[in-house]
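This briefing goes through one protein model, topic by topic. Keep the sequence and the structure in view while reading.

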Amino acid sequence: MRLRSALAAALSAGLLILTTPASASAATGQFRYDYTTVEGYEASGFLNSPPNGQCLNLPGVGEDNPQPGHSPKNRTDAWATVFTDANCEGNSFTLRPHTGGASDRLKVRSVVFN
């Protein structure tokens with residue numbers, strides 16, 4: 001009886017290990033961008049160690065703000081693809097890891113890290 005209980009416990013532990021999701025990988029570092037608030041003030045937005053492979057709409061430049069962000073700076077260790085529209089749609093531009101600022105003419109609303 002003890003052997004059967006021990007075997008059942010070992011099988012349960014093995015299944016738990018197999019079904020536990022692995023931690024999501026994230027870019028290390030900071031992604032920065034500038035934008036003008038709805039009130040007309042200049043501001044900087046940033047994402048710290050953002051997740052890889054997930055489309056992120058940039059805070060401050062959403063539907064409530066008609067002005068997109070600009071001058072993105074990829075100071076992470078991952079490639080960043082920025083998009084002119086929310087939900088990673090529209091025109092895109094890829095920024096290498098650890099790059100300084102892109103032109104203020106580059107307009108952004110969303111980003112994905114690879």
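In β4, the residue that bridges to Gln-30 is Arg-75. The model is a predicted one.

**Strand β4 and its partners**

- Strand β4 covers residues 69-76. Seven of its eight residues are buried, so the strand is mostly covered, where buried means under 20% relative accessible area.
- β1 and β4 run antiparallel and are joined by five bridges.
- β4 also pairs with strand β7, which consists of residues 107-108. Two bridges link β4 and β7, and the two strands run antiparallel.
- His-70 has Lys-107 in β7 as its bridge partner.

**The open sheet**

- An open sheet is formed by four strands, in the order β3-β8-β5-β6, with antiparallel pairing.
- Its edge strands are β3 (56-57) and β6 (89-95), and each of them pairs on one side only.
- β3 is joined by two bridges to strand β8, residues 110-113, and these two strands run antiparallel.
- Leu-56 has Val-111 in β8 as its bridge partner.

**The nonpolar core**

- The largest nonpolar core contains 16 residues. Those with the most contacts inside this core are Phe-31, Leu-47, Leu-58, Val-82, Val-111 and Phe-113.
- At least two residues of this core come from each of β1 (29-36), β5 (80-85) and β8.
- β1 gives the largest share of this core, three residues.
- What does Leu-47 touch, not counting residues up to four places away in sequence? Its contacts are Gly-29, Gln-30, Phe-31, Leu-56, Leu-58, Pro-59, Val-111 and Phe-113.

**The disulfide**

- A disulfide is a covalent bond between the sulfur atoms of two cysteines.
- A search of the whole structure finds one disulfide. It joins Cys-55 to Cys-88, with an S to S distance of 2.2 Å.
- The link of Cys-55 and Cys-88 is right-handed, with 105 degrees about the S-S bond.
- Which parts does the pair tie together? Cys-55 lies in the loop between β2 (42-48) and β3, and Cys-88 lies in the loop between β5 and β6, so the pair connects parts that are 33 residues apart in sequence.
- Is Cys-88 buried or exposed? Cys-88 has a relative accessible area of 19% and is buried, because buried means under 20%.
- Cys-55 has 33% relative accessibility and therefore counts as partly exposed, the class between under 20% and over 50%.

Definitions and conventions
Residues numbered from 1 in each chain as written. Predicted model: local features only at pLDDT ≥ 70, side-chain atom pairs only at ≥ 80, totals over all residues. Heavy atoms only, no water. Pairing = 2+ DSSP bridges. Core = buried A, V, L, I, M, F, W, Y, C linked by side-chain atoms within 4.5 Å. Buried < 20%, exposed > 50% of the residue type's maximum accessible area, 1.4 Å probe, protein only. Contact = heavy atoms within 4.5 Å. Disulfide = S-S within 2.5 Å.
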